[in-house]
Amino acid sequence: MIGGMRILVTHSEPGAGLAWRRELAERLPDARIAIDAATPDGASEPAHAAGPGFEADWAVGWSPPADLFERQPRLRAFFSSGAGVDHLLRHPGLPPALPVVRLEDAGMATLMADYCLHALLHIAHRHDEYARRQAERRWHELAPIPREALPVGIVGMGVLGTRVAGAIARAGFPVRGFSRGPRRAEGVEGVETMHGAARWPDFLAATRVLVLLAPRTPETEDLIDAAALARLRPDGWVVNVARGALVVDADLIAALDSGRLAGAVLDVFREEPLPESHPFWHHPRIRITPHASAPTQVAVSAAQVAAKIAAMARGETPGGLVDRARGY
Ligand code: OXD
(Lines give C-alpha, C1' and ligand atoms only; values in the text may rest on other atoms or scores of the structure.)
Protein backbone atom coordinates (compact mmCIF):
# COMPACT_ATOMS: atom_id res chain seq x y z
CA MET A 1 0.00 0.00 0.00
CA ILE A 2 2.56 2.52 -1.23
CA GLY A 3 0.01 4.93 -2.74
CA GLY A 4 -1.51 6.17 0.51
CA MET A 5 1.66 6.33 2.53
CA ARG A 6 2.88 9.50 4.22
CA ILE A 7 6.55 10.30 4.57
CA LEU A 8 8.02 13.02 6.75
CA VAL A 9 11.43 14.52 5.93
CA THR A 10 13.10 16.02 9.00
CA HIS A 11 16.61 17.30 8.39
CA SER A 12 18.60 19.72 10.50
CA GLU A 13 20.57 21.16 7.56
CA PRO A 14 19.03 23.89 5.41
CA GLY A 15 18.51 22.69 1.84
CA ALA A 16 18.79 19.00 2.68
CA GLY A 17 15.10 18.55 3.52
CA LEU A 18 14.02 19.98 0.17
CA ALA A 19 16.50 17.83 -1.74
CA TRP A 20 15.29 14.69 0.05
CA ARG A 21 11.66 15.57 -0.54
CA ARG A 22 12.27 16.13 -4.25
CA GLU A 23 14.26 12.90 -4.73
CA LEU A 24 11.83 10.76 -2.73
CA ALA A 25 8.85 12.20 -4.62
CA GLU A 26 10.44 11.14 -7.91
CA ARG A 27 10.70 7.56 -6.70
CA LEU A 28 7.43 7.34 -4.79
CA PRO A 29 5.09 9.49 -6.88
CA ASP A 30 1.95 8.32 -5.09
CA ALA A 31 3.22 8.95 -1.57
CA ARG A 32 2.47 12.18 0.34
CA ILE A 33 5.82 13.61 1.34
CA ALA A 34 6.11 16.65 3.60
CA ILE A 35 8.93 18.45 5.37
CA ASP A 36 8.83 18.72 9.16
CA ALA A 37 7.66 22.29 9.90
CA ALA A 38 10.11 22.46 12.83
CA THR A 39 13.20 22.11 10.58
CA PRO A 40 14.92 24.89 8.58
CA ASP A 41 13.41 23.83 5.23
CA GLY A 42 9.98 23.29 6.78
CA ALA A 43 10.07 26.85 8.14
CA SER A 44 11.31 28.44 4.91
CA GLU A 45 9.07 26.40 2.54
CA PRO A 46 5.60 26.36 4.12
CA ALA A 47 4.09 25.03 0.87
CA HIS A 48 5.99 21.76 1.41
CA ALA A 49 5.73 21.66 5.19
CA ALA A 50 3.66 19.10 7.09
CA GLY A 51 0.44 20.60 8.43
CA PRO A 52 -0.75 19.93 11.99
CA GLY A 53 -2.77 16.83 10.97
CA PHE A 54 0.03 15.18 8.98
CA GLU A 55 0.72 11.85 10.68
CA ALA A 56 3.53 10.09 8.90
CA ASP A 57 4.07 6.36 8.42
CA TRP A 58 7.78 6.77 7.76
CA ALA A 59 10.33 9.47 8.55
CA VAL A 60 13.72 10.13 7.02
CA GLY A 61 16.35 12.60 8.08
CA TRP A 62 19.15 13.76 10.31
CA SER A 63 19.10 14.98 13.93
CA PRO A 64 15.32 15.29 14.31
CA PRO A 65 13.92 17.95 16.68
CA ALA A 66 13.49 16.95 20.34
CA ASP A 67 9.69 16.60 20.12
CA LEU A 68 9.51 14.83 16.75
CA PHE A 69 8.50 11.43 18.08
CA GLU A 70 5.81 12.94 20.33
CA ARG A 71 4.38 14.75 17.33
CA GLN A 72 4.56 11.67 15.10
CA PRO A 73 3.18 8.76 17.14
CA ARG A 74 2.27 6.59 14.12
CA LEU A 75 5.74 6.20 12.65
CA ARG A 76 6.60 2.70 11.50
CA ALA A 77 10.34 3.36 11.04
CA PHE A 78 12.94 6.12 10.93
CA PHE A 79 15.51 6.15 8.11
CA SER A 80 18.81 7.91 8.76
CA SER A 81 19.83 10.09 5.85
CA GLY A 82 23.48 9.39 6.69
CA ALA A 83 25.65 6.37 7.30
CA GLY A 84 25.60 6.84 11.08
CA VAL A 85 22.65 6.45 13.43
CA ASP A 86 24.17 7.67 16.70
CA HIS A 87 22.30 10.99 16.32
CA LEU A 88 19.07 8.96 16.47
CA LEU A 89 19.99 6.41 19.09
CA ARG A 90 20.94 9.20 21.49
CA HIS A 91 17.66 11.04 20.83
CA PRO A 92 15.82 11.05 24.19
CA GLY A 93 12.38 10.73 22.55
CA LEU A 94 13.14 7.78 20.25
CA PRO A 95 10.54 5.08 21.03
CA PRO A 96 12.38 1.92 22.13
CA ALA A 97 10.67 -0.34 19.63
CA LEU A 98 10.75 1.96 16.59
CA PRO A 99 12.83 0.38 13.82
CA VAL A 100 15.79 2.56 12.80
CA VAL A 101 17.34 1.97 9.40
CA ARG A 102 20.66 3.28 8.13
CA LEU A 103 22.01 3.85 4.64
CA GLU A 104 24.23 1.13 3.25
CA ASP A 105 27.06 2.57 1.14
CA ALA A 106 24.70 4.59 -1.13
CA GLY A 107 27.69 6.00 -2.99
CA MET A 108 29.57 6.95 0.17
CA ALA A 109 32.08 4.08 0.14
CA THR A 110 33.88 5.28 -3.00
CA LEU A 111 34.20 8.80 -1.58
CA MET A 112 35.40 7.47 1.77
CA ALA A 113 37.96 5.23 0.04
CA ASP A 114 39.20 8.21 -2.00
CA TYR A 115 39.55 10.30 1.15
CA CYS A 116 41.54 7.62 2.98
CA LEU A 117 43.73 6.86 -0.03
CA HIS A 118 44.41 10.54 -0.46
CA ALA A 119 45.50 10.73 3.19
CA LEU A 120 47.76 7.68 2.76
CA LEU A 121 49.40 8.98 -0.41
CA HIS A 122 49.90 12.34 1.25
CA ILE A 123 51.69 10.56 4.10
CA ALA A 124 53.70 8.23 1.85
CA HIS A 125 54.90 11.08 -0.38
CA ARG A 126 55.81 13.27 2.61
CA HIS A 127 53.53 16.11 1.60
CA ASP A 128 53.10 17.31 5.16
CA GLU A 129 56.82 17.77 5.44
CA TYR A 130 56.96 19.49 2.07
CA ALA A 131 54.26 21.92 3.26
CA ARG A 132 56.35 22.78 6.33
CA ARG A 133 59.45 23.20 4.18
CA GLN A 134 57.62 25.38 1.70
CA ALA A 135 56.64 27.73 4.54
CA GLU A 136 60.39 28.08 5.22
CA ARG A 137 61.26 28.30 1.47
CA ARG A 138 63.43 25.22 1.81
CA TRP A 139 64.22 23.17 -1.30
CA HIS A 140 65.01 19.69 -0.11
CA GLU A 141 63.92 16.41 -1.66
CA LEU A 142 62.70 13.61 0.64
CA ALA A 143 62.50 9.90 -0.10
CA PRO A 144 58.90 8.61 -0.22
CA ILE A 145 57.95 6.17 2.53
CA PRO A 146 57.60 2.70 0.95
CA ARG A 147 54.05 1.39 1.17
CA GLU A 148 55.14 -1.73 3.03
CA ALA A 149 56.42 0.57 5.79
CA LEU A 150 52.91 2.02 6.22
CA PRO A 151 50.74 -0.86 7.47
CA VAL A 152 47.18 0.35 7.73
CA GLY A 153 44.75 -0.77 10.44
CA ILE A 154 41.06 -0.17 9.79
CA VAL A 155 38.79 -0.11 12.84
CA GLY A 156 35.26 -1.10 11.80
CA MET A 157 34.71 -3.60 9.00
CA GLY A 158 31.12 -2.83 8.06
CA VAL A 159 30.01 -1.92 4.56
CA LEU A 160 32.20 1.20 4.41
CA GLY A 161 35.20 -0.28 6.24
CA THR A 162 35.29 -3.30 3.95
CA ARG A 163 35.15 -1.18 0.81
CA VAL A 164 37.84 1.19 2.08
CA ALA A 165 40.05 -1.76 3.10
CA GLY A 166 39.76 -3.21 -0.41
CA ALA A 167 40.68 0.07 -2.09
CA ILE A 168 43.70 0.55 0.18
CA ALA A 169 44.87 -3.04 -0.33
CA ARG A 170 44.57 -2.68 -4.11
CA ALA A 171 46.72 0.45 -3.89
CA GLY A 172 49.49 -1.72 -2.43
CA PHE A 173 49.39 -0.88 1.30
CA PRO A 174 49.39 -3.74 3.83
CA VAL A 175 45.91 -3.68 5.43
CA ARG A 176 44.36 -5.24 8.51
CA GLY A 177 40.77 -4.78 9.54
CA PHE A 178 39.51 -4.95 13.10
CA SER A 179 35.92 -5.61 14.08
CA ARG A 180 34.07 -6.32 17.26
CA GLY A 181 32.85 -9.76 16.20
CA PRO A 182 34.04 -12.22 13.55
CA ARG A 183 33.60 -10.76 10.12
CA ARG A 184 35.23 -11.73 6.89
CA ALA A 185 36.44 -9.12 4.48
CA GLU A 186 34.60 -11.07 1.83
CA GLY A 187 36.22 -11.13 -1.55
CA VAL A 188 38.80 -8.56 -0.50
CA GLU A 189 42.19 -9.87 -1.36
CA GLY A 190 45.07 -8.89 0.81
CA VAL A 191 42.99 -7.81 3.82
CA GLU A 192 43.65 -9.67 7.03
CA THR A 193 40.91 -9.35 9.63
CA MET A 194 41.11 -9.54 13.41
CA HIS A 195 38.33 -9.34 15.94
CA GLY A 196 37.58 -9.35 19.63
CA ALA A 197 39.05 -7.47 22.58
CA ALA A 198 41.87 -10.01 23.03
CA ARG A 199 43.31 -9.15 19.59
CA TRP A 200 43.04 -5.37 19.98
CA PRO A 201 46.57 -4.87 21.36
CA ASP A 202 48.09 -7.00 18.55
CA PHE A 203 46.07 -5.13 15.97
CA LEU A 204 47.34 -1.78 17.25
CA ALA A 205 50.92 -3.00 17.50
CA ALA A 206 50.83 -4.04 13.83
CA THR A 207 49.42 -0.69 12.69
CA ARG A 208 51.16 2.49 11.66
CA VAL A 209 48.21 4.30 10.07
CA LEU A 210 45.05 3.83 12.11
CA VAL A 211 41.91 4.50 10.07
CA LEU A 212 38.74 4.87 12.13
CA LEU A 213 35.54 3.73 10.44
CA ALA A 214 33.61 2.28 13.37
CA PRO A 215 30.23 3.59 14.52
CA ARG A 216 29.94 5.56 17.74
CA THR A 217 28.61 3.19 20.41
CA PRO A 218 29.24 2.96 24.17
CA GLU A 219 31.99 0.47 23.30
CA THR A 220 33.83 2.69 20.83
CA GLU A 221 33.59 5.99 22.72
CA ASP A 222 37.08 7.07 23.87
CA LEU A 223 38.52 3.89 22.34
CA ILE A 224 41.53 5.76 20.98
CA ASP A 225 43.12 7.02 24.17
CA ALA A 226 46.71 7.41 25.35
CA ALA A 227 47.10 3.66 25.91
CA ALA A 228 45.86 2.77 22.41
CA LEU A 229 48.00 5.45 20.76
CA ALA A 230 51.08 4.25 22.64
CA ARG A 231 50.69 0.80 21.11
CA LEU A 232 50.83 1.96 17.48
CA ARG A 233 54.05 1.60 15.54
CA PRO A 234 56.43 4.55 15.83
CA ASP A 235 55.67 7.56 13.61
CA GLY A 236 52.06 6.54 13.48
CA TRP A 237 49.08 8.39 12.08
CA VAL A 238 45.39 8.59 12.93
CA VAL A 239 42.83 9.12 10.17
CA ASN A 240 39.36 9.63 11.64
CA VAL A 241 36.40 9.53 9.26
CA ALA A 242 34.01 7.92 11.78
CA ARG A 243 33.03 9.96 14.81
CA GLY A 244 35.00 12.43 16.93
CA ALA A 245 33.93 10.71 20.14
CA LEU A 246 36.09 7.66 19.31
CA VAL A 247 39.23 9.70 20.04
CA VAL A 248 40.26 11.33 23.31
CA ASP A 249 41.23 14.77 21.99
CA ALA A 250 43.75 15.61 24.72
CA ASP A 251 45.48 12.23 24.35
CA LEU A 252 45.80 12.70 20.60
CA ILE A 253 47.39 16.12 21.06
CA ALA A 254 49.75 14.78 23.73
CA ALA A 255 50.85 11.91 21.45
CA LEU A 256 51.52 14.37 18.61
CA ASP A 257 53.38 16.80 20.85
CA SER A 258 55.60 14.10 22.27
CA GLY A 259 56.51 12.90 18.77
CA ARG A 260 54.93 9.50 19.45
CA LEU A 261 52.55 10.14 16.56
CA ALA A 262 53.60 11.78 13.30
CA GLY A 263 50.24 13.26 12.36
CA ALA A 264 46.49 13.07 12.20
CA VAL A 265 43.90 13.64 9.49
CA LEU A 266 40.54 14.42 11.07
CA ASP A 267 37.19 14.75 9.36
CA VAL A 268 34.94 14.35 12.41
CA PHE A 269 34.90 15.95 15.85
CA ARG A 270 33.21 15.68 19.23
CA GLU A 271 31.57 19.00 18.60
CA GLU A 272 30.68 20.00 15.04
CA PRO A 273 31.32 22.56 13.69
CA LEU A 274 34.68 22.35 15.47
CA PRO A 275 34.72 25.36 17.86
CA GLU A 276 37.09 28.15 16.80
CA SER A 277 38.98 27.87 20.07
CA HIS A 278 39.71 24.13 19.69
CA PRO A 279 43.47 23.38 19.66
CA PHE A 280 43.08 21.00 16.67
CA TRP A 281 42.66 24.00 14.36
CA HIS A 282 46.18 25.29 14.96
CA HIS A 283 48.10 22.07 15.51
CA PRO A 284 50.92 21.81 12.96
CA ARG A 285 50.50 18.04 12.67
CA ILE A 286 46.76 17.91 12.27
CA ARG A 287 44.90 18.30 9.00
CA ILE A 288 41.21 19.06 9.24
CA THR A 289 38.24 18.72 6.91
CA PRO A 290 34.66 19.65 7.97
CA HIS A 291 32.89 16.24 8.07
CA ALA A 292 33.29 16.20 4.31
CA SER A 293 34.89 12.83 3.56
CA ALA A 294 31.69 11.28 2.18
CA PRO A 295 28.71 13.60 1.87
CA THR A 296 25.38 11.82 1.46
CA GLN A 297 24.57 11.34 -2.22
CA VAL A 298 20.92 12.32 -1.98
CA ALA A 299 19.67 10.80 -5.28
CA VAL A 300 21.28 7.38 -4.68
CA SER A 301 20.30 7.47 -1.00
CA ALA A 302 16.68 8.41 -1.70
CA ALA A 303 16.45 5.53 -4.17
CA GLN A 304 17.76 3.23 -1.45
CA VAL A 305 15.37 4.57 1.19
CA ALA A 306 12.42 4.33 -1.22
CA ALA A 307 13.28 0.65 -1.85
CA LYS A 308 13.59 -0.01 1.89
CA ILE A 309 10.24 1.67 2.58
CA ALA A 310 8.63 -0.45 -0.13
CA ALA A 311 10.21 -3.59 1.39
CA MET A 312 8.96 -2.72 4.88
CA ALA A 313 5.49 -1.90 3.55
CA ARG A 314 5.47 -5.45 2.11
CA GLY A 315 6.39 -6.79 5.54
CA GLU A 316 10.02 -7.55 4.65
CA THR A 317 13.08 -6.74 6.76
CA PRO A 318 15.21 -4.11 5.00
CA GLY A 319 19.00 -4.13 4.82
CA GLY A 320 20.57 -1.71 7.26
CA LEU A 321 18.03 -2.34 10.03
CA VAL A 322 19.82 -1.21 13.20
CA ASP A 323 20.31 -3.59 16.09
CA ARG A 324 19.35 -1.22 18.93
CA ALA A 325 21.22 -3.27 21.55
CA ARG A 326 24.48 -3.21 19.54
CA GLY A 327 24.07 0.43 18.60
CA TYR A 328 24.53 0.14 14.79
C1 OXD B 1 27.50 10.27 8.70
C2 OXD B 1 27.28 10.74 7.33
O3 OXD B 1 26.82 9.35 9.17
O4 OXD B 1 27.83 11.81 7.02
O5 OXD B 1 28.40 10.81 9.34
O6 OXD B 1 26.60 10.07 6.56
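Tutor: A polar backbone atom of glycine 84 lies 2.6 Å from an oxygen atom of the ligand, a polar contact in the sense of a pair of N or O atoms within 3.5 Å. The model is predicted, so local features need pLDDT of at least 70 and side-chain atom pairs count only at pLDDT 80 or more, while totals for chains, interfaces and linings use all residues. Residues are numbered from 1 along each chain as its sequence is written, and side-chain values use heavy atoms, with hydrogens and water left out.

The residues around the ligand (a heavy atom within 4 Å) are Trp62, Gly82, Ala83, Gly84, Met108, Arg243, His291 and Thr296. By class, this shell has 3 nonpolar, 4 polar and 1 charged; Gly counts as polar.

Now the cores. The largest nonpolar core has 55 residues, and Phe79 is one of those with the most contacts inside it. A core here is a set of buried Ala, Val, Leu, Ile, Met, Phe, Trp, Tyr and Cys residues joined through side-chain atoms within 4.5 Å, buried being under 20% relative accessible area with a 1.4 Å probe, protein chains only. A second, separate core of 28 residues includes Leu210, Leu246, Ala255 and Phe280.

Terms used. A polar contact is a pair of N or O atoms within 3.5 Å; within protein, one must be able to donate a hydrogen and the other to accept it, and residues adjacent in sequence count only if both atoms are side-chain atoms. Buried means under 20% relative accessible area, exposed over 50%, partly exposed in between (1.4 Å probe, protein chains only).
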